[in-house]
Amino acid sequence: MNHFIYILYSDTADKYYVGETEDVVQRLILHNSGTFSGSSTKIACDWKILATFLLRNRIEARIVEKYIKQMKSRKFTESLITNLDFFLNFKELVFQKFTIIISKQ
C-alpha cells in the first residue's frame with residue numbers, strides 16, 4: 001500500500017512540519033483541529049500542505065521521514081519543497097543509502 005511523507009507549513013507559527021500518513025488530506029484536517037495534542041503542530045491551526053512524497057509503504061516512509069527530520073534544517077526542508085534539482089539529488093541519495101524509491105507528488 002502506498003504511503004506519503006508530507007511537509008506542512010504554518011504562517012502563524014512560521015514553522016514547517018514533516019510527517020507520514022496514508023491519507024494526507026485527512027491528516028491535515030487532524031493537525032488543524034488540534035487532535036494531536038502532543039504534537040508540535042498543536043501550536044497553530046493554519047497548517048497547509050506544501051509538498052507530498054510518495055513511497056511504497058509505511059516502513060519506507062518512516063525511514064525517509066526520520067532522515068529528513070534528522071537534518072534539522074529549515075533550508076533543507078525549503079529546498080525539498082521548492083528546488084527540483086535538490087529534490088532529485090535527495091531522491092538519488094535516499095535510493096543509494098536505503099534502496100528506497102521516492103517520488104514527488
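1. The structure is a predicted model.

2. The largest nonpolar core. In soluble globular proteins, nonpolar side chains tend to be buried together. Here the largest nonpolar core holds 18 residues. Those with the most contacts inside this core are Ile 5, Phe 53, Val 64, Ile 68, Leu 80, Phe 90 and Ile 102. Two or more residues each are given to this core by E1, strand E3 (47-55), H2, H3 and helix H4 (84-98). The largest share, four residues, is that of H2.

3. Another core, of nine residues, lies apart from the largest one. Phe 4, Tyr 6, Tyr 17 and Ala 44 are among its members.

4. Helix H3. Which residues of H3 are buried? They are Phe 76, Thr 77, Ser 79, Leu 80 and Ile 81. The cover over these buried residues includes E1, E2, E3, H2, H4 and strand E4 (103-104). At the start of H3, a side-chain oxygen of Ser 73 comes to within 3.4 Å of the backbone nitrogen of Lys 75.

5. The largest pocket. This pocket contains about 330 Å³ of space. Its lining is made up of 13 residues, and Lys 15, Tyr 16, Tyr 17, Val 18 and Thr 77 lie nearest its centre. The elements that supply two or more lining residues are strand E2 (15-21), helix H2 (58-71) and helix H3 (74-82). E2 gives the largest share, four residues. By type, the lining consists of six nonpolar, three polar and four charged residues.

6. His 3. This residue lies in strand E1 (residues 3-10). Is His 3 buried or exposed? Its relative accessible area is 4%, so His 3 is buried, the limit being under 20%. The side chains of His 3 and Glu 20 are joined by a polar contact of 2.5 Å. Beyond residues up to four places away in sequence, His 3 touches a number of others, including Thr 21, Phe 53, Leu 55, Arg 58 and Ala 61.

7. Gln 105. This residue is found in the segment after E4. Its relative accessibility is 52%, and Gln 105 therefore counts as exposed, for which the limit is over 50%. With neighbours within four places in sequence left aside, Gln 105 is in contact with Phe 4, Thr 52, Phe 53 and Leu 54. From Gln 105 to Leu 30, the separation is 75 residues in sequence and 21 Å in space, C-alpha to C-alpha.

8. Positive phi values. Lys 72 is found in the loop between H2 and H3. Its phi is near 45°, a positive value in a residue other than glycine. Lys 72 has a relative accessible area of 75% and is exposed. Thr 99, in the loop between H4 and E4, likewise is not a glycine and has a positive phi of about 55°.

Note on methods: Residues are numbered from 1 along each chain as its sequence is written. This is a predicted model: local features need pLDDT of at least 70, side-chain atom pairs count only at pLDDT 80 or more; totals for chains, interfaces and linings use all residues. Side-chain values use heavy atoms; hydrogens and water are left out. On a 1 Å grid over the protein atoms alone, a cavity is a set of points where a 1.4 Å probe fits but cannot get out, and a pocket is an open set with protein on both sides within 12 Å along at least five of seven lines; lining residues have an atom within 4 Å of a point. Grid points are joined across faces, edges and corners, and a volume is the space filled by probe spheres set on the points. Ala, Val, Leu, Ile, Met, Phe, Trp, Tyr, Cys and Pro count as nonpolar, Asp, Glu, Lys and Arg as charged, and the others, Gly among them, as polar. Buried means under 20% relative accessible area, exposed over 50%, partly exposed in between (1.4 Å probe, protein chains only). A polar contact is a pair of N or O atoms within 3.5 Å; within protein, one must be able to donate a hydrogen and the other to accept it, and residues adjacent in sequence count only if both atoms are side-chain atoms. Contact means heavy atoms within 4.5 Å. A nonpolar core is a set of buried Ala, Val, Leu, Ile, Met, Phe, Trp, Tyr and Cys residues joined through side-chain atoms within 4.5 Å.
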